[in-house]
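Welcome! Please take a moment to look over the sequence and the model, and then read on for a short tour.

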Amino acid sequence: MSYAVKECFLTLQGEGVQAGARAVFMRFAGCNLWSGREADRATAICRFCDTDFVGTDGEGGGKFADADALAVQVERIWDGGPDQRLVVITGGEPMLQLDSALRDALHARGFRVAMESNGTLPALPGLDWLCVSPKAGSEVVQRSGDELKLVWPQPGIDPAELEGWDFANFLVQPMDSPARAAAVEASIALAMARPKWRLTLQAHKLVGLP
Ligand code: SF4
């Protein structure tokens, strides 16, 4: 199978339980909840996306003929020896492309494989870290994992309902928008009212990392 990758770069994980960890971020092109075109945003299921996942023209991106070719690219970008290797696979929606061949090729090179998904497709088994970020108006089928990351506020989502899902960590993250100050306030209010939730911030944006 071939893979379409928007971008692939070295950074520090900015969000969630693994915040601060050195990681290769690999962003697959394409999502099943929005085309990525501004003209379609108003009619998309997911309308608050802050990510460019269209095409393969970003830093380190491209079309890769097979799993080995893409794993070689991830290893080249890691450029940091054999220890603590971490790749975070995101999108777009990564489960549109991630398969066992790529997982195994990354494992063979010593990478822990983390994925951040919208949860509308079942996650590939055998991943080392699974983060699901639910989107209002979509049907989440992946209701277990390491981290549930709720971008907040989202009308149409009831945090109390999500608390029954099988995640090790429940995180609330303020939505990045012009109304960010209100989103921070709402996220703090949620974490204060419902102790299962912990506040996470997009630290990479605060310190100027990609
Ligand atoms: S599901 Fe994620 S990648 Fe897709 S449009 Fe929404 S925020 Fe963007």
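## A salt bridge across the chain

Glu75 is partly exposed, with a relative accessible area of 29%; here buried means under 20% relative accessible area, exposed over 50%, and partly exposed in between (1.4 Å probe, protein chains only). The side chain of Glu75 meets that of Arg85 in a salt bridge, at 2.8 Å from N to O. This pair links distant parts of the chain: Glu75 sits in helix H1 (residues 67-78), while Arg85 belongs to the loop between H1 and strand E4 (86-90), 10 residues apart. Arg85 is buried, with a relative accessible area of 11%. A salt bridge is a side-chain nitrogen of Lys or Arg within 4 Å of a carboxyl oxygen of Asp or Glu. Helices (H or I, at least four residues) and strands (E, at least two) are DSSP runs, numbered from the N terminus.

You are looking at a predicted model, in which local features need pLDDT of at least 70 and side-chain atom pairs count only at pLDDT 80 or more, while totals for chains, interfaces and linings use all residues. Residues are numbered from 1 along each chain as its sequence is written, and side-chain values use heavy atoms, with hydrogens and water left out.

How many salt bridges does the structure hold? There are 15 salt bridges. Side chains of opposite charge can pair when their charged atoms come close. One of the pairs is Asp40 with Arg37, whose side chains meet at 3.1 Å, N to O. Asp40 is partly exposed at a relative accessible area of 23%, and Arg37 is exposed at 52%.

Another salt bridge joins the side chains of Asp104 and Arg103, at 2.9 Å from N to O. Asp104 counts as partly exposed because its relative accessibility is 40%, whereas Arg103, at 15%, counts as buried. Salt bridges that share partners also join Asp68, Glu75, Arg85 and Arg109 into one network.

## Aromatic rings

The structure holds 6 aromatic pairs. One of them is stacked: the rings of Tyr3 and Phe28 are 6.2 Å apart centre to centre, with 25° between the planes. This pair links distant parts of the chain, with Tyr3 in strand E1 and Phe28 in strand E2, 25 residues apart. Tyr3 and Phe28 are both buried. Why is the pair of Trp34 and Phe53 edge-to-face? The ring centres of Trp34 and Phe53 are 5.7 Å apart and their planes lie at 85°, so the pair gets that name. Trp34 and Phe53 are each in the loop between E2 and strand E3 (62-64), 19 residues apart, and both are buried.

Rings of Phe, Tyr and Trp (its six-membered ring) pair if their centres lie within 6.5 Å; planes under 30 degrees apart count as stacked, over 60 as edge-to-face and the rest as tilted. Elsewhere, Phe167, Phe170 and Trp197 form one aromatic cluster.

Leu102 is found in helix H2 (residues 100-108). Because its relative accessibility is 0%, Leu102 counts as buried. Leaving aside neighbours within four places in sequence, Leu102 is in contact (heavy atoms within 4.5 Å) with Tyr3, Met26, Phe28, Ala67, Leu70 and Ala71. The C-alpha atoms of Leu102 and Met1 are separated by 9.3 Å, although these residues are 101 residues apart along the chain.

Gln13 lies in the loop between strand E1 (3-12) and strand E2 (22-28). Is Gln13 buried or exposed? Gln13 is buried, with a relative accessible area of 7%. Its side chain reaches the backbone nitrogen of Glu15 at 3.2 Å. Beyond the neighbours within four places in sequence, the contacts of Gln13 include Gln18, Phe25, Val88 and Glu116.

## A nonpolar patch on the surface

Which residues form the nonpolar patch on the surface? They are Leu12, Ile188, Met192, Leu199, Leu201, Leu206, Val207 and Leu209, with about 750 Å² of accessible area together. Patches are made of residues with over 30% relative accessible area and no salt bridge: like charges are joined within 9 Å, nonpolar side chains (Val, Leu, Ile, Met, Phe, Trp, Tyr) within 5 Å. Accessible areas come from the Shrake-Rupley method with a 1.4 Å probe, and for residues only the protein chains shown count as cover.

Helix H4 (180-193) and helix H5 (203-207) each supply at least two residues of the patch. Val207 lies in helix H5 and, at 60% relative accessibility, counts as exposed.

How values were computed
A polar contact is a pair of N or O atoms within 3.5 Å; within protein, one must be able to donate a hydrogen and the other to accept it, and residues adjacent in sequence count only if both atoms are side-chain atoms.
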